[in-house]
Amino acid sequence: HVSSPALLEVSSLAKAFGGNRVLQDVHLAIGRGEIVGLLGPNGSGKSTLLNTITGFEAIDAGSVRYAGQEIGRLAAHRIVGQGVARTFQLPSMPQKMSVIEVAMAAASAHHGFWETLLRGRAARRAEQAARDKATRLLDEFLLTHVRDLPASALSGGQKKLLGIVCALMGDPQLLMLDEPTAGVHPNLRNDIVQALLRLNRQGMTLVIVEHDMHFIREVCSRCIVLDRGHIVASCAPQELSSNERVLQAYLGG
Ligand code: ADP
Ligand code: MG
(Lines give C-alpha, C1' and ligand atoms only; values in the text may rest on other atoms or scores of the structure.)
(Ligands and ions follow the chains in the order given, each with its own letter.)
Protein backbone atom coordinates (compact mmCIF):
# COMPACT_ATOMS: atom_id res chain seq x y z
CA HIS A 1 0.00 0.00 0.00
CA VAL A 2 1.03 3.64 -0.35
CA SER A 3 2.93 4.58 2.78
CA SER A 4 2.05 8.11 3.78
CA PRO A 5 4.27 9.41 6.58
CA ALA A 6 3.07 8.31 10.01
CA LEU A 7 1.44 10.87 12.29
CA LEU A 8 3.57 9.62 15.19
CA GLU A 9 6.88 7.88 14.76
CA VAL A 10 8.97 6.67 17.69
CA SER A 11 12.46 5.29 17.01
CA SER A 12 15.05 3.71 19.27
CA LEU A 13 13.40 5.22 22.33
CA ALA A 14 14.93 4.31 25.68
CA LYS A 15 14.04 5.29 29.24
CA ALA A 16 15.46 4.09 32.55
CA PHE A 17 14.75 5.02 36.15
CA GLY A 18 18.06 4.47 37.88
CA GLY A 19 19.09 0.95 36.96
CA ASN A 20 15.56 -0.01 35.94
CA ARG A 21 15.52 0.01 32.13
CA VAL A 22 11.84 0.54 31.60
CA LEU A 23 11.81 1.14 27.82
CA GLN A 24 14.40 -0.26 25.46
CA ASP A 25 14.80 0.35 21.74
CA VAL A 26 11.12 1.09 21.20
CA HIS A 27 10.07 1.59 17.58
CA LEU A 28 6.51 2.29 16.58
CA ALA A 29 4.51 4.21 14.01
CA ILE A 30 0.92 5.38 14.29
CA GLY A 31 -0.93 6.38 11.13
CA ARG A 32 -3.38 9.25 10.87
CA GLY A 33 -6.88 8.08 11.82
CA GLU A 34 -5.81 4.86 13.52
CA ILE A 35 -7.15 3.62 16.86
CA VAL A 36 -4.30 1.67 18.36
CA GLY A 37 -4.49 -0.33 21.59
CA LEU A 38 -1.35 -0.36 23.73
CA LEU A 39 -1.22 -3.57 25.74
CA GLY A 40 1.13 -5.36 28.07
CA PRO A 41 1.28 -6.76 31.60
CA ASN A 42 1.48 -4.48 34.62
CA GLY A 43 4.85 -2.78 34.81
CA SER A 44 5.71 -3.43 31.15
CA GLY A 45 6.14 0.32 30.50
CA LYS A 46 2.84 1.45 28.94
CA SER A 47 2.34 4.55 31.09
CA THR A 48 6.03 5.41 30.81
CA LEU A 49 5.74 5.23 27.01
CA LEU A 50 2.84 7.70 27.10
CA ASN A 51 4.77 9.89 29.55
CA THR A 52 7.85 10.04 27.34
CA ILE A 53 5.92 10.70 24.11
CA THR A 54 3.98 13.55 25.76
CA GLY A 55 7.02 15.10 27.48
CA PHE A 56 5.99 14.28 31.06
CA GLU A 57 9.19 12.24 31.37
CA ALA A 58 12.45 13.06 29.57
CA ILE A 59 13.69 10.42 27.13
CA ASP A 60 17.20 9.01 27.53
CA ALA A 61 17.74 8.16 23.86
CA GLY A 62 15.90 7.95 20.57
CA SER A 63 13.46 10.19 18.79
CA VAL A 64 9.77 11.02 18.71
CA ARG A 65 8.45 12.57 15.52
CA TYR A 66 4.96 13.99 15.29
CA ALA A 67 3.58 15.18 11.94
CA GLY A 68 7.13 15.13 10.60
CA GLN A 69 8.60 17.25 13.43
CA GLU A 70 10.94 16.10 16.18
CA ILE A 71 9.18 16.55 19.54
CA GLY A 72 11.30 14.16 21.63
CA ARG A 73 12.93 16.88 23.69
CA LEU A 74 10.16 19.45 23.87
CA ALA A 75 8.51 20.37 27.16
CA ALA A 76 5.07 18.87 27.82
CA HIS A 77 3.19 22.15 27.25
CA ARG A 78 4.86 22.59 23.85
CA ILE A 79 3.85 19.07 22.81
CA VAL A 80 0.25 19.75 23.84
CA GLY A 81 0.43 22.93 21.77
CA GLN A 82 1.33 20.83 18.70
CA GLY A 83 -1.90 18.82 19.05
CA VAL A 84 -0.94 15.82 21.19
CA ALA A 85 -3.10 15.37 24.29
CA ARG A 86 -3.20 12.64 26.89
CA THR A 87 -5.20 11.46 29.87
CA PHE A 88 -3.87 9.94 33.08
CA GLN A 89 -4.32 6.49 34.57
CA LEU A 90 -5.14 8.03 37.97
CA PRO A 91 -6.43 11.55 37.40
CA SER A 92 -5.94 13.94 40.31
CA MET A 93 -8.20 16.96 40.61
CA PRO A 94 -7.71 20.32 42.34
CA GLN A 95 -9.57 20.57 45.65
CA LYS A 96 -11.25 23.92 45.22
CA MET A 97 -12.27 24.09 41.57
CA SER A 98 -15.61 23.03 40.19
CA VAL A 99 -15.89 20.55 37.33
CA ILE A 100 -16.56 23.24 34.73
CA GLU A 101 -13.74 25.42 36.08
CA VAL A 102 -11.30 22.53 35.70
CA ALA A 103 -12.42 22.03 32.10
CA MET A 104 -12.13 25.75 31.35
CA ALA A 105 -8.67 25.94 32.95
CA ALA A 106 -7.57 23.16 30.60
CA ALA A 107 -8.35 25.44 27.65
CA SER A 108 -5.86 28.08 28.76
CA ALA A 109 -3.28 25.37 29.46
CA HIS A 110 -3.68 24.21 25.85
CA HIS A 111 -3.77 27.61 24.20
CA GLY A 112 -0.68 28.82 25.98
CA PHE A 113 -0.27 31.70 28.29
CA TRP A 114 -0.75 34.40 25.62
CA GLU A 115 -4.46 34.26 26.33
CA THR A 116 -3.83 35.31 29.88
CA LEU A 117 -2.46 38.55 28.46
CA LEU A 118 -5.78 39.38 26.84
CA ARG A 119 -7.71 42.20 28.42
CA GLY A 120 -11.29 43.43 28.41
CA ARG A 121 -13.50 42.32 25.59
CA ALA A 122 -11.00 39.89 24.07
CA ALA A 123 -10.52 38.16 27.43
CA ARG A 124 -14.28 37.87 27.93
CA ARG A 125 -14.65 36.44 24.43
CA ALA A 126 -11.95 33.84 25.07
CA GLU A 127 -13.56 32.92 28.38
CA GLN A 128 -16.99 32.62 26.79
CA ALA A 129 -15.56 30.39 24.04
CA ALA A 130 -13.93 28.16 26.66
CA ARG A 131 -17.18 28.05 28.67
CA ASP A 132 -19.21 27.10 25.58
CA LYS A 133 -16.78 24.36 24.63
CA ALA A 134 -16.56 23.03 28.21
CA THR A 135 -20.37 23.02 28.43
CA ARG A 136 -20.68 21.06 25.19
CA LEU A 137 -17.97 18.53 26.14
CA LEU A 138 -19.31 18.04 29.69
CA ASP A 139 -22.67 17.27 28.11
CA GLU A 140 -21.11 14.83 25.65
CA PHE A 141 -19.33 13.06 28.51
CA LEU A 142 -22.35 12.96 30.83
CA LEU A 143 -21.04 15.39 33.43
CA THR A 144 -23.61 18.18 33.10
CA HIS A 145 -25.37 17.22 36.34
CA VAL A 146 -22.13 17.57 38.32
CA ARG A 147 -20.63 20.59 36.54
CA ASP A 148 -20.83 22.86 39.60
CA LEU A 149 -19.57 20.31 42.14
CA PRO A 150 -15.94 20.35 43.29
CA ALA A 151 -13.96 18.22 40.81
CA SER A 152 -12.35 16.39 43.74
CA ALA A 153 -15.80 15.07 44.76
CA LEU A 154 -16.28 13.10 41.53
CA SER A 155 -16.16 9.31 41.45
CA GLY A 156 -13.07 7.66 39.95
CA GLY A 157 -14.94 7.02 36.70
CA GLN A 158 -16.23 10.59 36.50
CA LYS A 159 -12.68 11.89 37.02
CA LYS A 160 -11.64 9.79 34.03
CA LEU A 161 -14.41 11.38 31.96
CA LEU A 162 -13.35 14.86 33.10
CA GLY A 163 -9.76 13.96 32.16
CA ILE A 164 -10.94 13.21 28.62
CA VAL A 165 -12.90 16.48 28.52
CA CYS A 166 -9.78 18.42 29.59
CA ALA A 167 -7.69 16.69 26.92
CA LEU A 168 -10.30 17.57 24.28
CA MET A 169 -10.45 21.26 25.23
CA GLY A 170 -7.34 21.81 23.07
CA ASP A 171 -8.75 20.07 19.95
CA PRO A 172 -5.93 17.52 19.71
CA GLN A 173 -5.23 15.53 16.54
CA LEU A 174 -3.67 12.74 18.55
CA LEU A 175 -5.21 11.67 21.86
CA MET A 176 -3.48 9.13 24.10
CA LEU A 177 -5.60 7.60 26.86
CA ASP A 178 -4.21 5.70 29.85
CA GLU A 179 -6.75 3.07 30.94
CA PRO A 180 -9.86 5.17 30.19
CA THR A 181 -12.37 2.57 31.41
CA ALA A 182 -10.56 1.05 34.41
CA GLY A 183 -12.78 1.60 37.45
CA VAL A 184 -15.53 3.15 35.35
CA HIS A 185 -19.11 2.01 35.94
CA PRO A 186 -20.27 -0.36 33.15
CA ASN A 187 -23.02 2.09 32.12
CA LEU A 188 -20.46 4.83 31.59
CA ARG A 189 -18.06 2.47 29.88
CA ASN A 190 -20.24 2.09 26.82
CA ASP A 191 -20.67 5.86 26.60
CA ILE A 192 -16.89 6.23 26.58
CA VAL A 193 -16.61 3.64 23.82
CA GLN A 194 -19.18 5.48 21.71
CA ALA A 195 -17.54 8.85 22.35
CA LEU A 196 -14.09 7.57 21.35
CA LEU A 197 -15.45 6.01 18.16
CA ARG A 198 -17.22 9.29 17.36
CA LEU A 199 -14.01 11.29 17.87
CA ASN A 200 -12.19 8.90 15.57
CA ARG A 201 -14.88 9.26 12.88
CA GLN A 202 -14.28 13.01 13.10
CA GLY A 203 -10.63 12.37 12.27
CA MET A 204 -8.88 12.04 15.63
CA THR A 205 -6.10 9.50 16.00
CA LEU A 206 -6.25 7.52 19.24
CA VAL A 207 -3.75 5.46 21.23
CA ILE A 208 -5.40 3.67 24.12
CA VAL A 209 -3.80 1.77 27.00
CA GLU A 210 -6.40 -0.75 28.04
CA HIS A 211 -6.63 -4.18 29.66
CA ASP A 212 -10.23 -4.99 28.84
CA MET A 213 -10.07 -7.29 25.80
CA HIS A 214 -13.72 -6.72 25.02
CA PHE A 215 -13.02 -2.99 24.79
CA ILE A 216 -9.93 -3.62 22.63
CA ARG A 217 -11.88 -5.75 20.17
CA GLU A 218 -14.73 -3.23 20.03
CA VAL A 219 -12.59 -0.14 19.53
CA CYS A 220 -9.08 -0.84 18.25
CA SER A 221 -8.03 -1.62 14.70
CA ARG A 222 -4.51 -2.61 15.73
CA CYS A 223 -2.70 -3.50 18.93
CA ILE A 224 0.86 -2.93 20.03
CA VAL A 225 2.10 -5.14 22.86
CA LEU A 226 4.84 -4.23 25.32
CA ASP A 227 6.72 -6.80 27.37
CA ARG A 228 9.32 -5.58 29.88
CA GLY A 229 10.01 -2.44 27.89
CA HIS A 230 10.20 -4.07 24.46
CA ILE A 231 7.54 -4.05 21.76
CA VAL A 232 6.87 -7.71 21.03
CA ALA A 233 3.89 -7.54 18.70
CA SER A 234 1.82 -5.31 16.44
CA CYS A 235 -1.25 -7.09 15.17
CA ALA A 236 -5.02 -7.04 14.78
CA PRO A 237 -6.97 -7.62 18.02
CA GLN A 238 -8.26 -10.99 16.79
CA GLU A 239 -4.67 -12.18 16.21
CA LEU A 240 -3.56 -11.48 19.79
CA SER A 241 -4.66 -14.80 21.26
CA SER A 242 -2.63 -16.83 18.72
CA ASN A 243 0.52 -14.69 18.91
CA GLU A 244 3.34 -16.61 20.65
CA ARG A 245 5.13 -13.51 21.91
CA VAL A 246 1.93 -12.01 23.32
CA LEU A 247 1.13 -15.21 25.20
CA GLN A 248 4.70 -15.32 26.48
CA ALA A 249 4.43 -11.72 27.71
CA TYR A 250 1.34 -12.49 29.75
CA LEU A 251 2.39 -15.91 30.96
CA GLY A 252 5.91 -14.78 31.82
CA GLY A 253 8.12 -16.74 29.42
P1 ADP B 1 2.56 0.02 33.08
O2 ADP B 1 1.86 1.31 32.80
O3 ADP B 1 2.76 -0.83 31.86
O4 ADP B 1 1.92 -0.76 34.18
P5 ADP B 1 4.70 1.73 34.03
O6 ADP B 1 5.18 2.46 32.83
O7 ADP B 1 3.82 2.45 34.97
O8 ADP B 1 4.05 0.34 33.57
O9 ADP B 1 5.95 1.22 34.86
C10 ADP B 1 7.01 0.51 34.26
C11 ADP B 1 8.17 0.41 35.24
O12 ADP B 1 8.71 1.72 35.43
C13 ADP B 1 7.79 -0.08 36.61
O14 ADP B 1 8.85 -0.91 37.06
C15 ADP B 1 7.70 1.18 37.45
O16 ADP B 1 8.00 0.92 38.77
C17 ADP B 1 8.75 2.06 36.79
N18 ADP B 1 8.45 3.49 36.89
C19 ADP B 1 7.46 4.15 36.26
N20 ADP B 1 7.46 5.46 36.54
C21 ADP B 1 8.52 5.65 37.39
C22 ADP B 1 9.09 6.80 38.04
N23 ADP B 1 8.57 8.02 37.87
N24 ADP B 1 10.16 6.60 38.84
C25 ADP B 1 10.70 5.37 39.00
N26 ADP B 1 10.24 4.26 38.41
C27 ADP B 1 9.15 4.38 37.61
MG1 MG C 1 0.15 2.16 33.55
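How many bridges join strand 4 to strand 5? Two bridges join strand 4 (residues 61-66) to strand 5, and the two strands run antiparallel.

This is a predicted model, in which local features need pLDDT of at least 70 and side-chain atom pairs count only at pLDDT 80 or more, while totals for chains, interfaces and linings use all residues; side-chain values use heavy atoms, with hydrogens and water left out. Residues are numbered from 1 along each chain as its sequence is written, and chains are lettered from A and ligands numbered from 1 in the order in which they are written.

**The sheet**

Four strands form an open antiparallel sheet in the order 2-1-4-5. Strands (E, at least two residues) and helices (H or I, at least four) are DSSP runs numbered from the N terminus, and two strands pair if DSSP finds at least two bridges between them. Strand 2 and strand 5 (69-70) stand at the edges with a single partner strand each, so one side of each has no neighbour in the sheet. Strand 1 and strand 4 run antiparallel and are joined by five bridges. Y66 of strand 4 stands opposite L8, and Y66 also stands opposite Q69 in strand 5. The hairpin of strand 4 and strand 5 has two residues between the strands, and A67 takes a positive phi near 50° there.

Helix 1 lies across strand 1 (8-17), strand 2 and strand 4, and runs at about 115° to strand 1. Contact here means heavy atoms within 4.5 Å; axes are lines fitted to C-alpha atoms, for helices over the stretch in contact, with angles from 0 to 180 degrees between N-to-C directions.

**The ligand site**

The residues surrounding ligand 1 include F17, N20, V22, K46, T48 and E57, where a residue is near a molecule if one of its heavy atoms lies within 4 Å of it. The shell divides into three nonpolar, seven polar and two charged residues; Ala, Val, Leu, Ile, Met, Phe, Trp, Tyr, Cys and Pro count as nonpolar, Asp, Glu, Lys and Arg as charged, and the others, Gly among them, as polar.

| Residue, backbone atom | Distance to an oxygen atom of ligand 1 |
|---|---|
| S44, polar atom | 3.3 Å |
| G45, N or O atom | 3.0 Å |
| S47, N or O atom | 2.9 Å |

The protein covers 61% of the 560 Å² of accessible area that ligand 1 has on its own, by the Shrake-Rupley method with a 1.4 Å probe. Strand 2 (20-30) and helix 1 (46-53) are the elements that give two or more residues to the shell, and helix 1 gives the most, with three residues.

How values were computed
Polar contact = N/O pair within 3.5 Å; in protein donor to acceptor, adjacent residues only side chain to side chain.
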